[in-house]
Amino acid sequence: MFKYTMIRLRRSYLALFGLFILLVLIVCAVFADQLAPYGYAQQDYMMICKPPSTLHWLGTDEFGRDILSRLIYGSRISLQVGLIAVSISLVVGGLIGAVSGYFGGRLDNVLMRLMDVQMAIPTILMAIVISSVLGPGLFNLMVAVGITYIPKFARLTRASVLSIKDQEFIEAARAMGASHKRIICLYILPNCAAPLIVQSTLSVANAILFAATLSFLGLGIQPPYPEWGGMLSAARPYLRNSAHMSIFPGLAIMFTILSLNFLGDGLRDALDPKQKR
């Protein structure tokens with residue numbers, strides 16, 4: 001399965017481009033201390049709002065901090081928020097969807113109506129409300145973003161479970177005396193992995209964008225920690241005279257979201273059983 005998936009994935013140049021950008025971001029996040037030419041909070045008041053130069057390849061901000069260094073350190077925060085927030089959504093939403101789809105009946109009706117109520121609320125509005133209640137900070141930001149995506153994973157998992165639970169190998173597991181927990185964990189959820197992997201990849205992109213939006217509004221990561229949305233927010237007063245302060249964080253967000261969407265589309269096609277090998 002993995003072998004054929006990688007063969008199909010290599011046929012998509014956009015997916016490979018997205019994977020390459022994602023690997024670059026991961027390297028920047030892991031080795032930020034070694035790759036960044038300056039510290040993310042290191043200030044030089046003689047270099048305030050300077051354009052790109054040989055000393056500062058992407059220029060400096062309003063405190064004389066190197067923008068390239070802050071973008072490199074910011075990749076660590078953005079990827080951390082995206083991965084952990086989606087992990088929260090995947091675990092909680094997957095559990096709700098699996099239980100709802102497997103047992104059905106009144107429990108299914110109650111859980112899905114709760115998910116419908118949450119989906120009726122605009123996701124950005126819910127994220128703002130949760131962030132306002134919990135307060136700013138990295139952990140609260142991850143929780144706020146993670147909660148907003150729970151219904152998507154719950155409904156996707158439920159749909160997959162409904163298509164699997166009545167198949168012959170599930171009936172055979174029941175006949176052999178397997179418990180409900182064992183059937184769900186060992187037989188049903190592994191067969192739901194393909195759509196969940198694709199949804200997770202696309203959701204990481206949306207989670208990073210949501211985190212940047214919340215930080216832009218002042219509800220996410222607080223200064224001096226570098227976060228791309230927070231860098232955009234801080235650069236607003238200097239947009240006319242120092243446009244580079246907004247351009248480079250915006251490009252970082254754009255390429256990250258674009259690469260994850262390309263990779264998600266490639267995985268969707270690669271994991272599609274209808275595709276020819």
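I will go from the overall fold to the core, and then to one pair of helices.

This is a predicted model. The protein chain has 13 helices and zero strands. Along its principal axes, the C-alpha trace spans about 75 × 45 × 30 Å. The chain has 277 residues, and 45% of them count as buried. If we take the contacts with a separation of 6 or more, 72% of them come from residues 24 or more positions apart.

Now the core. The largest nonpolar core has 54 residues, and those with the most contacts inside it are L71, L141, V145, I188 and W228. Which helix gives the most to this core? That is helix α11, residues 193-216, with 10 residues. A second, separate core has six residues, including L111, M115, I150 and A154.

Back to V145 for a moment. Leaving out residues up to four places away in sequence, V145 touches A85, S89, A207, F210, A211 and L214.

Last, the helix pair. Helix α12 covers residues 228-235 and helix α13 covers residues 244-270. The two pack at an angle of about 150°, with their axes 9 Å apart. Angles over 145 degrees count as roughly antiparallel, so α12 is roughly antiparallel to α13. The crossing of α12 past α13 is left-handed.

On the α12 side, the contact is made by W228, G229, M231, L232 and A235. On the α13 side, the residues are M245, S246, P249, G250, A252, I253 and T256. By class, this contact has eight nonpolar residues, four polar ones and no charged ones.

Key. Residues are numbered from 1 along each chain as its sequence is written. This is a predicted model: local features need pLDDT of at least 70, side-chain atom pairs count only at pLDDT 80 or more; totals for chains, interfaces and linings use all residues. Side-chain values use heavy atoms; hydrogens and water are left out. A nonpolar core is a set of buried Ala, Val, Leu, Ile, Met, Phe, Trp, Tyr and Cys residues joined through side-chain atoms within 4.5 Å. Buried means under 20% relative accessible area, exposed over 50%, partly exposed in between (1.4 Å probe, protein chains only). Helices (H or I, at least four residues) and strands (E, at least two) are DSSP runs, numbered from the N terminus. Contact means heavy atoms within 4.5 Å. Axes are lines fitted to C-alpha atoms, for helices over the stretch in contact, and angles run from 0 to 180 degrees between N-to-C directions. Angles under 35 degrees count as roughly parallel, over 145 as roughly antiparallel, 65 to 115 as roughly perpendicular and the rest as oblique. A crossing is left-handed if the near helix is turned anticlockwise from the far one by less than a right angle, and right-handed if clockwise. Ala, Val, Leu, Ile, Met, Phe, Trp, Tyr, Cys and Pro count as nonpolar, Asp, Glu, Lys and Arg as charged, and the others, Gly among them, as polar.
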